[in-house]
Amino acid sequence: MSGAEIFIVRAVDSLKAKIPGKAIIACSGGVDSMVSAVLASRAIGDRLLAVYVDTGLMRKGETEEVRGMLREMGLNFRIVDASEVFFAMLKGVTDPEKKRKIIGELFIRVFEKEAKEFGAEYLVQGTIAPDWIESGDGMRDTIKSHHNVGGLPKEMGMTVVEPLWDLYKDEVREVARELGVKASERQPFPGPALSVRCLDEITRENIGIVREACFIVEDEIKKAAAQGKMELPWQYFAVLLPTRSVGVQGDRRAYGRTIAIRAVCSVDGMTATYSKIPLDVLDAMATRITNTMKDQVNRVVYDITNKPPSTIEWE
Amino acid sequence: MKVYVIDNGGQWTHREWRVLRNLKVDTEIIPNTAPFDRISDADAIVLSGGAPSVASDAARMGNNGEYLDKADFPILGICAGMQFLSEHFGGVLGPGAMPEFGKVELKVLCKEDLFRDLPSEFNVWASHNDEVKTVPEGFEVTAASQSCPVEAVRSLTRPIYGVQFHPEVENTENGPKIFQNFLDIVSEYR
């Protein structure tokens with residue numbers, strides 16, 4: 001048996017033992033939570049409910065894509081639209097740690113409500129090693145509070161079960177391929193979603209800007225990779241910066257927003273180098289962003305730092 | 001073979017555990033507050049890196065000093081682990097003239113022990129503010145870089161080794177080989 005096969009057998013056994021009753025799983029549709037959901041479903045069947053929260057901070061078309069994946073894996077699932085409350089609670093918040101704490105807390109409130117209705121006492125989460133390492137503890141500095149660890153409120157009415165605790169993303173992907181989980185090749189996407197890619201105030205309008213810019217960056221990079229111009233990076237996206245700068249559009253003065261392009265190569269997310277995107281691909285992204293989003297964006301910059309000293313996401 | 005990873009709170013402590021596990025060693029992460037008795041059955045230990053500035057915040061390095069004094073097995077100190085053991089045996093630490101975050105070109109000065117069968121120059125990744133300014137008596141420098149003159153040390157009297165860079169991260173070239181070389185030292189020592 002391969003390492004992934006052995007892991008699956010052990011994880012399913014251990015989940016069976018740990019969850020005598022009903023459980024819900026916090027499922028974003030990413031590879032970590034999809035793998036956890038499939039493992040838990042193998043262990044406890046219909047005593048598992050997968051809950052996907054639409055925070056209003058998701059990428060373009062994401063909720064529908066995740067709905068399709070949950071259906072395809074035959075999971076018992078529910079999609080909860082909580083965008084109103086997320087935007088209300090994040091209004092005026094710009095401190096990245098505060099943002100992450102608020103989001104962690106809101107997620108838990110939604111899960112508690114869903115768990116109560118379903119009669120679940122257990123919360124399964126797809127936490128992996130970098131999540132708890134970077135969240136910090138008595139021994140370690142907090143680099144960023146991952147919503148599923150450092151963002152968790154201290155009092156919570158549920159027992160948390162985390163089958164992927166010691167794994168890194170590359171190992172989770174191997175398990176995903178073994179389980180036939182389609183999300184295996186999806187790029188990592190942080191739990192607080194587009195909120196940590198919006199360094200300006202969190203409003204529907206600003207999230208809309210970064211959502212469209214992320215879509216363009218993803219689309220252009222995927223196209224370039226398919227044409228053999230570059231390798232698909234580990235993670236690639238856009239960030240909306242809280243600055244304005246002067247531009248000129250059709251002989252008229254513009255004073256618009258700035259988008260940063262971020263793309264990195266990594267194996268496990270714990271170290272990363274910035275991707276050397278070919279200049280013509282960068283050019284295509286900058287032109288498409290500034291032309292199609294001309295009312296909002298008039299400048300695009302490229303992030304060329306590694307991790308360390310940077311992190312992959314900006315917050 | 002049993003090799004414990006002593007957790008000094010590093011971002012990459014768990015990576016050290018993972019590399020050792022991949023090399024088929026019996027390994028476990030132990031907090032640096034554990035008494036020596038907890039680790040006395042080890043064949044070797046690795047002292048991990050960590051956020052504390054060893055020079056000014058040594059209390060956060062827990063019982064590393066006791067382990068160094070009582071161990072009769074090989075020890076590998078990484079980053080803050082190497083800084084701590086250097087200071088413990090009489091060396092001097094200080095802020096690096098040029099802090100290193102990310103890629104560093106390593107120059108190997110002594111191609112034995114940890115650097116056995118490795119090239120004279122290769123890329124490693126580091127992440128540190130402080131560095132070893134003077135190595136303790138009975139120690140020698142085994143690798144250096146342009147920005148940090150003490151990238152690795154070894155004791156001339158005991159099987160104690162230190163690296164300022166991080167052999168456990170993916171971007172460090174020959175990282176697993178450095179760990180394998182350490183394990184070979186451990187096997188030979190047993």
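**Notebook: chains A and B**

I began with the interface and counted six salt bridges between chain B and chain A; a salt bridge here is a side-chain nitrogen of Lys or Arg within 4 Å of a carboxyl oxygen of Asp or Glu. I note that this is a predicted model, in which local features need pLDDT of at least 70, side-chain atom pairs count only at pLDDT 80 or more, and totals for chains, interfaces and linings use all residues. Residues are numbered from 1 along each chain as its sequence is written, chains are lettered from A and ligands numbered from 1 in the order in which they are written, and side-chain values use heavy atoms, with hydrogens and water left out.

**Interface**

I looked up one pair by name: A:R140 forms a salt bridge with B:D7, and their closest N and O atoms are 2.7 Å apart. Chain B gives 24 residues to the contact and chain A gives 22 residues, contact meaning heavy atoms within 4.5 Å. The buried area between the two chains is about 1900 Å², with carbon and sulfur atoms giving 53% of it. Buried area is the accessible area (1.4 Å probe) that two parts lose on being put together, summed over both.

**Salt bridges overall**

In one of them, A:R186 pairs with A:E65, the closest N and O atoms being 3.6 Å apart. This pair links distant parts of the chain, 121 residues apart: A:R186 sits in the loop between α7 (169–179) and α8 (204–226) of chain A, and A:E65 in helix α3 (residues 62–72) of chain A. Helices (H or I, at least four residues) and strands (E, at least two) are DSSP runs, numbered from the N terminus.

**Backbone of chain A**

I returned to the loop between α7 and α8 of chain A, where A:A193 also lies. A:A193 has a positive phi of about 55 degrees, although it is not a glycine. I then examined the segment after β9 (297–302) of chain A, which holds A:P308. The peptide bond from A:K307 to A:P308 is cis, with omega near -15 degrees. The peptide bond from A:P308 to A:P309 is cis as well, with omega near 10 degrees.

**Two helices of chain B**

Last, I looked up helix α1 (residues 13–22) and helix α5 (residues 175–189) of chain B, whose axes come within 10 Å and cross at roughly 70 degrees. Axes are lines fitted to C-alpha atoms, for helices over the stretch in contact, and angles run from 0 to 180 degrees between N-to-C directions. The contact is made by B:E16, B:V19 and B:L20 of α1(B) and B:P176, B:F179 and B:L183 of α5(B).
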